[in-house]
Amino acid sequence: MEVYFSLGTNLGDREDNIRRALELMDEAFGVHYDALSGMVETEPWGFESEDLFLNCVVRYMLDEPCRKILSECKKIEMLMGRSVHCPEFDETGTRIYRSRIIDIDILFHGEHRIDTDVLKVPHPLMKHREFVMVPLGEIVSEGMRKAFPDIFEAADEPKSD
């Protein structure tokens, strides 16, 4: 099944970070990705930093359970030096975002919808993030667009000036 991931980095050699994450994902999943978007450079989302992010979206064809895929992604983030793995929240319950060497988010796991405490797929904020939707739009299949009209119709609406 089609599994889409968003990769982002704003520390160190960003292009090398993405290349290394892709190599580690290929190794962990035992297969080479079958589609990779172009790279987009963006401002940090949800926090202030002088370091711009480099983002892309990648598609793998996998038959693994989503929890296993999530576990592999977390291992890769840790192996690459990411120190914070669980979401952090301030005293008001607002999510705290930080600079990172690599961030790997599962966007889609086939046509499944998953909503647990540790995993939400499709990624609940993706349709609000151009740094996800623009590269995703480059490689997403028509079948996925049709399976998730709630995500793609909102992203395809013209933006008012």
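Reader: At what angle do the axes of H1 and helix H2 (residues 66–79) cross?

Author: Two packed helices are described by the angle between their axes and the distance between the axes. In this predicted model, the axes of H1 and H2 cross at roughly 140 degrees and come within 10 Å. H1 is therefore oblique to H2. The crossing of the two helices is right-handed.

Reader: Which residues of H1 and H2 make the contact?

Author: H1 contributes Ala21, Leu24, Met25, Ala28 and Phe29, while H2 contributes Ile69, Glu72, Cys73, Ile76 and Leu79. Sorted by class, the contact of H1 with H2 has 9 nonpolar residues, 1 charged residue and no polar ones.

Reader: How many aromatic pairs does the count come to?

Author: A pair of aromatic rings is described by the distance of the centres and the angle of the planes. The count here comes to 7 aromatic pairs. One of them joins Tyr4 and Phe108 edge-to-face, with 5.9 Å centre to centre and 85 degrees between the planes. This pair links distant parts of the chain, for Tyr4 lies in strand E1 (residues 2–9) and Phe108 in strand E7 (residues 103–109), 104 residues apart.

Reader: Why does Tyr4 count as buried?

Author: Tyr4 counts as buried because its relative accessibility is 0%. Phe108 is likewise counted as buried, at 0% relative accessibility.

Reader: Is the aromatic pair of Phe5 and Phe29 stacked or edge-to-face?

Author: Phe5 and Phe29 are stacked, 5.7 Å centre to centre with 20 degrees between the planes. Their pair connects strand E1, which holds Phe5, to helix H1 (residues 14–29), which holds Phe29, across 24 residues. Both Phe5 and Phe29 are buried.

Terms used: Residues numbered from 1 in each chain as written. Predicted model: local features only at pLDDT ≥ 70, side-chain atom pairs only at ≥ 80, totals over all residues. Heavy atoms only, no water. Phe/Tyr/Trp six-rings, centres within 6.5 Å; stacked < 30°, edge-to-face > 60°. Helix = DSSP H or I, 4+ residues; strand = E, 2+ residues; numbered from the N terminus. Buried < 20%, exposed > 50% of the residue type's maximum accessible area, 1.4 Å probe, protein only. Axes fitted to C-alpha atoms, helices over the stretch in contact; angles between N-to-C directions. Parallel < 35°, antiparallel > 145°, perpendicular 65-115°, else oblique. Left-handed = near helix turned anticlockwise from the far one by under 90°. Contact = heavy atoms within 4.5 Å. Nonpolar A, V, L, I, M, F, W, Y, C, P; charged D, E, K, R; others polar.
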